[in-house]
Structures are given as structure tokens and as C-alpha cells.
Amino acid sequence: MCGIVAYIGEKQAYDVLIKGLKRLEYRGYDSAGVALLNNDLEVFKKQGKVADLEKTFNNKFPEGKIGIGHTRWATHGEPNDVNAHPHYSSDHNLAIIHNGIIENYASIKKELQSKGHQFSSETDSEVFIHFIEDIQKNNNCTLDEAVRIALTKVVGAYAIVIISKDNPDQLIAARKGSPLVVGIGEANGEFFLASDATPIVEYTKNVVYLNDEEIAIINRGVGINIKNIDSVEQSPYVHTLEMELEAIEKGGFDYFMLKEIFEQPRSVSDCMRGRLISEKDHALLGGIRRHLKDLVEAQRIIIVACGTSWHAGLVAEYVIEEITRTPVEVEYASEFRYRNPIVNKGDVLLAISQSGETADTLAAIELAKSKGAIILGVCNVVGSSIARASHEGAYTHAGPEIGVASTKAFTAQLTVLYIMALMLAKAKNTITDNQFKDLSRQLESIPEKINTVLSLNEEIEKISELYKDASNFLYLGRGYNFPVALEGALKLKEISYIHAEGYPAAEMKHGPIALIDEEMPVVVIATRDSSYDKIVSNIQEVKARKGKVIAIVTKGDALIPKMVDHVIEVPATHEAIMPLVSVIPLQLLSYHIAVMRGCNVDQPRNLAKSVTVE
Ligand code: F6R
């Protein structure tokens, strides 16, 4: 949540900052701002999107070769011009951008107010920079030392960059709990800082990921020094980015979400490449192999995640229990971390996260780790906090996901989880050779099948037109398609703002059936599987109450099309991996409905891609 970007070098900082903020806008888009240091330290900020900020300059852009920028997802204080970042210190000599939350800001603010500090915003971030200013004045120390002292006193999460009028060749940055990447420019002594690598990749592939409680002191033309909060010098490890620029551009699509939906044949196959080869009976995830013994011996696996990643976890529960017979529990990370859960030494905790930054998932990991669990992470973002906090794990290799609604990350997560289940089943001998071959062959054919579903895009668009004005939707599924129903409902509600609920189809008669009338569209995922006959009965129950049914069926189904209002046919596959196919029409349905309702599908209201606050 919140995106931060900073630049120091020989380029005009404004261009780098604005371009970078646009790339980071998926992290928050309530307001945006930049601070540039030329002769003076000037802050420009505006409620709304980065484009709204740009307009305020009327094409006369501020100059300066050092600057900081921020795109906000509001936590403290409503989204308005004043609460937007950057924030000045009281003498306007310093400015800060901050991603995270300072939990003890109220007591610090009170103390500062008693010393005469006045605040113009309601934010914790403004308190943070006044606090640093106060420490520097009282201790008569360098800015980096004042930052260090402040960090020993604040409680919470932060990624910050500070710019100072007194030192026009220096930026100070620090992080704890919120991500921060430093790009080492190709020109001598040029540096880029950002919440993730997307604003950096077009300038350099050499990056340093700051660790928690590290402070970076970056001097133009000189270099980067990193020390920890105890003043101990750290040697920066320079990573090479594998990301390509095309991966973070729209490539001719109207929205990133649509591009990402259409990328799935490729992202699923990238995710399988080298890891699954049915002909060789090969299913292998390198990081997981190093903990395969722990997985085999585990009395249970606990899966923690949030949102869409939690839905992937539910599918994983079904398949892992079915083919490995290891008990699995799936928990919302936010519940798990606060409910004093039983975690035994040797339990395996599987954390699933696209961004690798979700605060609740990260906290659940730390809790389980402290109780002796082995932590395996399934993340998309390389080098992310969850990937680094895990003992081992597997990346999903879906490429950057920029649309706020998760699509290709979900199918890539499922792919990794299926491969993991196959590995474990083989190691535990709970699967026959034929079953292993069959499942892995079917997985290999998934990209082709996703392509087939994508070719139904126009058909799905026509169905969307009929239901775009609905106020409610119900999504029903059974077995492996139950998590898909939850995911379909989440996709619709988050980007179109239509109320939608996902339910196990059989639960309908325990309450939700009361909602059904001729106004209610009901999406039923009714592919041919072991619960087919049961879901046919559930469809009859909906039709008897005049609900409008959109059914996702297996190609060639002769029965359901006669009973329902619309059918979307998907290719047949093994029921355990059907979610990889059956979720695709639901992604397209919500996309088209949202576009038809005039919603910004890539940046839905109130949401952010990376949820770094609890
Ligand atoms: C929904 C969506 C969210 C995320 C959730 C977890 O489309 O994107 O529900 O799935 O915020 O995020 P990650 O996977 O980054 O931990």
C-alpha cells in the first residue's frame, strides 16, 4: 500500500518520479505528490491520481536532479491534498515519503506538540519527519543518525525516503516491514529508489533490496552506504533483475487486467517449465525439494493467505488431502495471527502471496516460525518480504501483475500448488504411477485449454451486457469448484462494485436460497465431476425460484444447457485441476461487466495491490 519512488543523479528527477509513480499506482491512488530540490525544496501534491497531479503543472514541470514521489493509499486521514505526501518538517528543510503505519504516532505527536510543533495534516508520516527533525536539532547530529535514533523509537512499519535542503546530494532511506528497492544506475553515482522494481527496470537491472531495519545513505556521485539500526555497517548484495520492460506495459490491451487474463496460457506454462515433465515422471520444485523430508514427515500442513491467494489455498487443501493424505488447514492469515493457534514443531506452514508483502501473511509466518514450524512461501514477486521470511519456497513466475484484481497470479499459484502436491504424493507413495502420469499430463495440457476458453471472450462479453445492471450475483460451486465460486464472486465485487457472494452449492438451501427471484443472476460452476448430479439438482432449485442461471459446463454437456439461461462451455480436464480452466470465464465476466459499468478495473476504488497494513 502506497508507492514510493526517489531519484538522485543527473537526469531531471520529475520525469523519473512521475513515470515511476504511474508504475506504482496499483499500490494506491488516493493522492500523489513529489518533492524536488533545486535551489529550494518544493513539495507539489494533489488528491487523486498521478495524472491529476501532472495536470496541476500545466506542462511547466519543476526542475531538479534529486527528488522523491509518493502515491497514497490512505490510512491516517482522509485522501485530500493536505494528507498527500511528501510531508515537510516544521522548518521545511526536510521532506519525507512514507509507506506503512507508525503505530505510536499519537504519543510522539503529543510530545512534539508540547514542544511547539504544529501539524498541517492528520498523517502519521508528518509526525515521523517532525520527530526526525526534532531529534536532529536536540542531538546536533547528522540526518542519518537522527533517522537511526527515530527508528529505534517508532513502532510500526515503514519504507521511507528523506530529502534535505541542507544536503542536495543526499537521500536517506530506511525500511521495516514495507518494501524498498535501490536501483544502482548505469551513470556514475545515479540511484533510483522504489517500492518495487517496476519504476527502476528501464534504467538499470542492478538492484539492492533493503532488509528490515536497514538505513541507506545515498550520495550523488559517491555511492550507497548501508547500516543497520544499531549502526553496524552492512555490505549491500547487488541482485540482477530478471524483469523485462514489456512485462509492465499494457501491450495494446485497454487494461492490465485484460492483458493479464490473456497472458495465462503463457504464465501457466512458464510456471511449469522444467518443473513438470509427465513423460519423465518429473515433478520438482527446487526450493520445496530441500524440505521434502519435512513435508513427508509433517503431521499437518497449515496454509495461510488472504483474498484470492486464500482461495488458491482452499484448492490446495482439497488436492493435497486427496492425493497425499496429509491433513491440511487453510486459514485467513489475519485470523490465524491473532487467535493463539496450535502450531507444533515440524508443522509445515505454507504462505501464499502474490505480492509477498501482505502484512497479515507476514505476521502469520513470524508467529508460526516462533513456534517451530517450517515455512514454505509461494510468492510471485521475487525478493519480496514473504519470500525472504520463508525457509524455502517456490516462485510462481507469472511476471508482474499490475491490475489490482488478481488473475494470472491465481492460476500460477494453483499450478505451483498442484506440482507441490504431486511431488509430495510421489514421495509419500500415496499416488499410483498411472495417476501421477494422468494428472501431470492433464496439467501440461492446461495452457491449451485456457486458450480455448479465452476464445469465448466475445460470447462472454454478450452475456455480460445482459447482467451489467444487476445489483447482486450469487456464485455456486461444489468440490474443487467451490473455491472457484468464491473467487468469481470476489472478482466481480472488487472491480464492478456489484454485491456478489460465493457459496458451496449445497449450502444454498441453508439461507441464500431466500435471495433468489427472477432478478438474481446465479453463476453455477457445473463442470462434469464427481458432484455433477448434485449440482444439477442445485440448478433445478434455483430455476424453480426463477433465478437466472449462467452455467459453466464441460464441453458437450447435453443436460444442463436445457435447464439454464446461458452456458459457457469449457474443455474437459481432471476434476482436481478444473479450477485452472473454470476460473477463466469468471475473470472475463467480471472484467466485461466492470468495463460496461464505467469502472476503472485496474484501480478499483478503496483497494491497493499490495496490502502492507493489517
Ligand atoms: C483480489 C486480490 C486480493 C489479494 C490479497 C492478497 O483480486 O488481489 O484479494 O489476493 O490482497 O494479496 P497477496 O496475494 O499479494 O498476499
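Mentor: Burial first: a residue counts as buried under 20% relative accessible area, and as exposed over 50%. Keep in mind that this is a predicted model.
Trainee: OK. Is Ser 31 buried or exposed, then?
Mentor: Ser 31 is buried, because its relative accessible area is 0%, and the cut-off is under 20%.
Trainee: Where does Ser 31 sit?
Mentor: In strand E2, which covers residues 31-37.
Trainee: And which residues is Ser 31 in contact with, leaving aside neighbours within four places in sequence?
Mentor: Lys 46, Gln 47 and Gly 48, then His 70, Thr 71 and Arg 72. Asn 80 and Ala 84 complete the list for Ser 31.
Trainee: Switching topic. How is the chain divided into domains?
Mentor: Domain 1 is 3-247, domain 2 is 250-444 and domain 3 is 453-602.
Trainee: How many residues does the contact between domain 1 and domain 2 take from each?
Mentor: Eleven from domain 1 and nine from domain 2. The centres of these two domains are 33 Å apart, taken over C-alpha atoms.
Trainee: What area do domain 1 and domain 2 bury between them?
Mentor: About 900 Å², with 52% of it on carbon and sulfur atoms. On the domain 1 side, Tyr 26, Tyr 209 and Ala 247 supply 46% of the area buried against domain 2, more than any other three residues.
Trainee: What about the residue types on that side of domain 1?
Mentor: Seven nonpolar, two polar and two charged.

How values were computed:
Residues are numbered from 1 along each chain as its sequence is written. This is a predicted model: local features need pLDDT of at least 70, side-chain atom pairs count only at pLDDT 80 or more; totals for chains, interfaces and linings use all residues. Side-chain values use heavy atoms; hydrogens and water are left out. Domain bounds come from an automatic or database domain assignment. Contact means heavy atoms within 4.5 Å. Buried area is the accessible area (1.4 Å probe) that two parts lose on being put together, summed over both. Ala, Val, Leu, Ile, Met, Phe, Trp, Tyr, Cys and Pro count as nonpolar, Asp, Glu, Lys and Arg as charged, and the others, Gly among them, as polar. Helices (H or I, at least four residues) and strands (E, at least two) are DSSP runs, numbered from the N terminus. Buried means under 20% relative accessible area, exposed over 50%, partly exposed in between (1.4 Å probe, protein chains only).
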